[in-house]
Amino acid sequence: MLTNAPKGTKDVLPQEVYKWHYVEKAFDDICKRYGFNEMRTPVFEHTELFKRGVGDTTDIVQKEMYTWEQAKRSLTLRPEGTAPVVRSLVEHKLYAEVQPQKYYYNIPCFRYEKPQSGRLRAFHQFGIEIFGTDNMMADAEIISLAKDFLDEMGIEDVKLHINSIGCPNCREEYKKVLKEFLAPKYDQLCDTCKDRYERNPIRILDCKSPEDQEAVKGAPRMIDHLCQECKDAFDELQEDLDALGIEYEIDPGIVRGLDYYTKTAFEFISGKLGAQNTVCGGGRYDHLSETLGGPPIPGVGFGLGIERLLLTMEESGIEIPKPEGADAFIAFVGDEAKKKALSLTGELRRKGLKIAMDPMGRNMKGQFKYADRLSARYTIVIGDDEIAKGVVSVKEMESGEQKEVAFDQVETVIGR
Ligand code: ATP
Ligand code: MG
């Protein structure tokens, strides 16, 4: 037990961590190119932030949060990234600075869900947010960054689905229509959804229970009940995406699992992932700040699951370049040689070279065997002869070419 990680969590072992470094660096790079700045928020927040922000009729808040009491305060491990960023924006009055504010993040998230392929309890998300504008160009920019990133990662089998889920105005009307439709099926609904029927019937559309999924078949669609403003915004988004040459499909079935969304909702769906096929999901949330007690600040953003991204890349056969081996391995025999090896290793490492040596005190044969596993470009040997001559012997592993090099010339010979 003590040596098993909790269900739904995963170690990233040294053999695969290079894949994480690769996607993290690429995400970092593209966000900077698009003019986003990194934001880091704490791993836990006041529970109330998510209850209000994500919405207390959502699955996340009702079933999935890791929450505990400490010193009479209720705290929760972050299940998602947007509410904390909005909290920070309001707390530090970042909305008073130049508009729009553009942030990105790379965070662990926690949700008590049923673990399966692509669904963990501790998982990771890349996310970006644009604040301060309700112009659809911002939505298009968010979508465009996600698309460019997925392209750069080499993922081809992914489709963009877009929808509009309206605003509080048209949604009130829509809720009435939806409730009328669901009224005769009320008894069929699960207990959670019976409660949602009065409080937030739209959430029923997103319920995972089979009975509820059956009950909502043929339900009226939000997209057919948009107000003029939302309709215009959705048309504009499509024009902007067309101008950017980004292909999409209108998918009236997208609801999203968080209450804060307004107007734009979108998902990138992978053909390689089976049931958990949403690699990236996002949308607009024009009233989240006010919901949290802040000033009105429109916003739009996405969350992209890193585990799902890596799974998609693996399923697509995309090879992530392995990191290079050491520049040189330094082997030695004898006490004097050991001192020289230690000081040369330190010196070359401080100069920025990747140097390996054997700290186990093995004989020459053992050291060479270890060196083989590290695939160093050069092997450097220091023994009594070399010490006497003030040189080391340097072997280039690929060509097998060997030569003697003065101590102070080693960097020139093995450096890149
Ligand atoms: P899903 O419908 O797949 O549960 P979601 O709507 O709950 O996704 P969001 O809250 O929008 O997802 O999170 C954004 C992204 O984070 C998802 O598209 C997915 O890639 C990833 N994600 C969400 N939940 C998990 C999880 N439990 N394990 C791994 N990745 C996840
Ligand atoms: Mg979910």
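**Exercise 1. In β4, which residue is the bridge partner of tryptophan 68?**

Solution. Start with the two strands in this predicted model: β3 covers residues 67-70 and β4 covers residues 73-77. They run antiparallel and are joined by 4 bridges. Within β4, tryptophan 68 has leucine 75 as its bridge partner. Now look at the turn: the hairpin of β3 and β4 has 2 residues between the strands, and alanine 71 takes a positive phi near 50°.

**Exercise 2. Which strands stand at the edges of the open sheet of 8 strands?**

Solution. Begin by writing down the strand order, which is β1-β5-β6-β11-β10-β9-β7-β8, with mixed pairing. Reading off the edges gives β1 (37-38) and β8 (249-250). Each has a single partner strand, so one side of each is left without a neighbour in the sheet.

Strand β7 (residues 158-164) pairs with β8 in the parallel sense, over 2 bridges. Here isoleucine 162 stands opposite isoleucine 250 of β8.

**Exercise 3. How do the axes of helix α1 and helix α11 cross, and which residues make the contact?**

Solution. Take the geometry to begin with. The axes of α1 (residues 17-33) and α11 (residues 306-315) come within 11 Å and cross at roughly 105°. Angles of 65 to 115 degrees count as roughly perpendicular, and therefore α1 and α11 are roughly perpendicular to each other. Then list the residues: α1 contributes Lys19, Trp20, Tyr22 and Val23, while α11 contributes Ile306, Glu307, Leu309, Leu310 and Met313. Sorting the contact by class gives 7 nonpolar, no polar and 2 charged residues.

**Exercise 4. Is lysine 7 buried or exposed, and which residues does lysine 7 touch?**

Solution. First locate lysine 7, which lies in the segment before α1. Its relative accessibility is 61%, and the cut-off for exposed is over 50%, so lysine 7 counts as exposed. Then check the contacts: leaving aside residues up to four places away in sequence, lysine 7 touches Pro115 and Arg121. For a distance along the chain, compare lysine 7 with tyrosine 112: they are 105 residues apart in sequence, and their C-alpha atoms are 9.9 Å apart in space.

Terms used: Residues numbered from 1 in each chain as written. Chains lettered and ligands numbered in written order. Predicted model: local features only at pLDDT ≥ 70, side-chain atom pairs only at ≥ 80, totals over all residues. Heavy atoms only, no water. Axes fitted to C-alpha atoms, helices over the stretch in contact; angles between N-to-C directions. Parallel < 35°, antiparallel > 145°, perpendicular 65-115°, else oblique. Contact = heavy atoms within 4.5 Å. Nonpolar A, V, L, I, M, F, W, Y, C, P; charged D, E, K, R; others polar. Pairing = 2+ DSSP bridges. Buried < 20%, exposed > 50% of the residue type's maximum accessible area, 1.4 Å probe, protein only.
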